[in-house]
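Visitor: Could we go through this structure together? Please show it first.
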Amino acid sequence: MAVKLLEAAGRAANRAQDRCPWPRISLVTCSYQQGRYLEQAIRSVLDQDYPALEYLVIDGGSTDGSVDILRRYETALAFWVSEPDGGQTDALIKGFSRSTGEIMGWLCSDDLLLPGALRAVAAFFLAHPSVMAAYGNALWIDREGRFLRAKKEMGFSRFVFLHDHNYVPQPSMFWRRELYRAVHGLDPRFDLAMDADLWERFSRVTRIAHIPRYLSCMRFYAEQKTRRRRLEADQEDQAIRCRNHPATGHPLAARALRLAARSLRVAAKALAGGYTARVPAAYLDWLEERALGNTER
């Protein structure tokens, strides 16, 4: 596996040296009954005007007007479908199985990409051909799309990730196709922590890099699946920790590891400026212009 990843890094290095065109980015959006937010998500991707975009939307058979939105944008989509599926992870697996891009990522239908995100991601991978996965920072927004707070992150620490929490902002994470294949992709057994499971398996075989730039917006509202099913999400997170460190199944050991990881996270995030981050005014203006309360008037 490690040899294959090194070979992939070598091919990426050759691309950079030859000044090849922008790498193809495959982005999948999964959605179900999210017609209120879907068009904003789609527009945030298409407005990137990225020249090598492969954008796929997998809808789970919505009846809330989502299909009309998808038909409106179908000429700009590489693929879309609206049919019953096995949930979010199943939809993502379906989308990625149809994708062909060198770089991959996903955007949930209630999240947004910030302007220039895809070019920033592509430029980072071209400039760092040995990097197989990387994530950027994000902004928290409310249900209407208005700014709540910044999520400026520390670099990746497997220890913190496993023993504190999954702090990687999912829509700001991108990776090379070779890595996705090497770890056998998403695991359909995870319905809520499918991202944490995938990042953990990435981190077993490669170094996950950090892009010091805001790339996406994550919506925070009461109806979110991960908030409504918090107990199940915690159980899936715990399963990921325990398979790597059986000691986390023992309360005293788990508390000690969590305390150490939390202390390290607070220190590292403080050094990265995560607690005093200032968001570029252009992003705040962009969000305000697109807030649902404004666009629906």
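Guide: The lining of the largest pocket divides into 22 nonpolar, eleven polar and 17 charged residues. Ala, Val, Leu, Ile, Met, Phe, Trp, Tyr, Cys and Pro count as nonpolar, Asp, Glu, Lys and Arg as charged, and the others, Gly among them, as polar. This is a predicted model, in which local features need pLDDT of at least 70, side-chain atom pairs count only at pLDDT 80 or more, and totals for chains, interfaces and linings use all residues. Residues are numbered from 1 along each chain as its sequence is written, and side-chain values use heavy atoms, with hydrogens and water left out.

Visitor: What volume does the largest pocket have?
Guide: Its volume is about 1500 Å³, taken as the space filled by probe spheres set on grid points joined across faces, edges and corners. On a 1 Å grid over the protein atoms alone, a pocket is an open set of points with protein on both sides within 12 Å along at least five of seven lines, where a 1.4 Å probe fits, and lining residues have an atom within 4 Å of a point.

Visitor: Which residues are closest to its centre?
Guide: Of the 50 lining residues, Leu192, Asp195, Gln224, Thr226 and Arg227 are the closest to the centre.

Visitor: Which element supplies the largest share of the lining?
Guide: That is α10, with six residues. Elements that each supply at least two include β1 (25–31), α8 (194–205) and β9 (208–219); helices (H or I, at least four residues) and strands (E, at least two) are DSSP runs, numbered from the N terminus.

Visitor: At what angle do α8 and α10 pack?
Guide: The angle is about 20 degrees, and the axes are 9 Å apart. The two helices are therefore roughly parallel, a label for angles under 35 degrees. Axes are lines fitted to C-alpha atoms over the stretch in contact, and angles run from 0 to 180 degrees between N-to-C directions.

Visitor: Which residues of α8 and α10 make the contact?
Guide: Among them are Met194, Glu200 and Arg204 of α8 and Glu236, Ile240 and Arg243 of α10, where contact means heavy atoms within 4.5 Å. The residues of this contact divide into three nonpolar, one polar and seven charged.

Visitor: Changing topic, how do α2 and α3 cross?
Guide: Helix α2 (residues 35–46) and helix α3 (residues 66–73) cross at roughly 20 degrees, and their axes come within 9 Å. That makes α2 roughly parallel to α3.

Note on methods: Angles under 35 degrees count as roughly parallel, over 145 as roughly antiparallel, 65 to 115 as roughly perpendicular and the rest as oblique.
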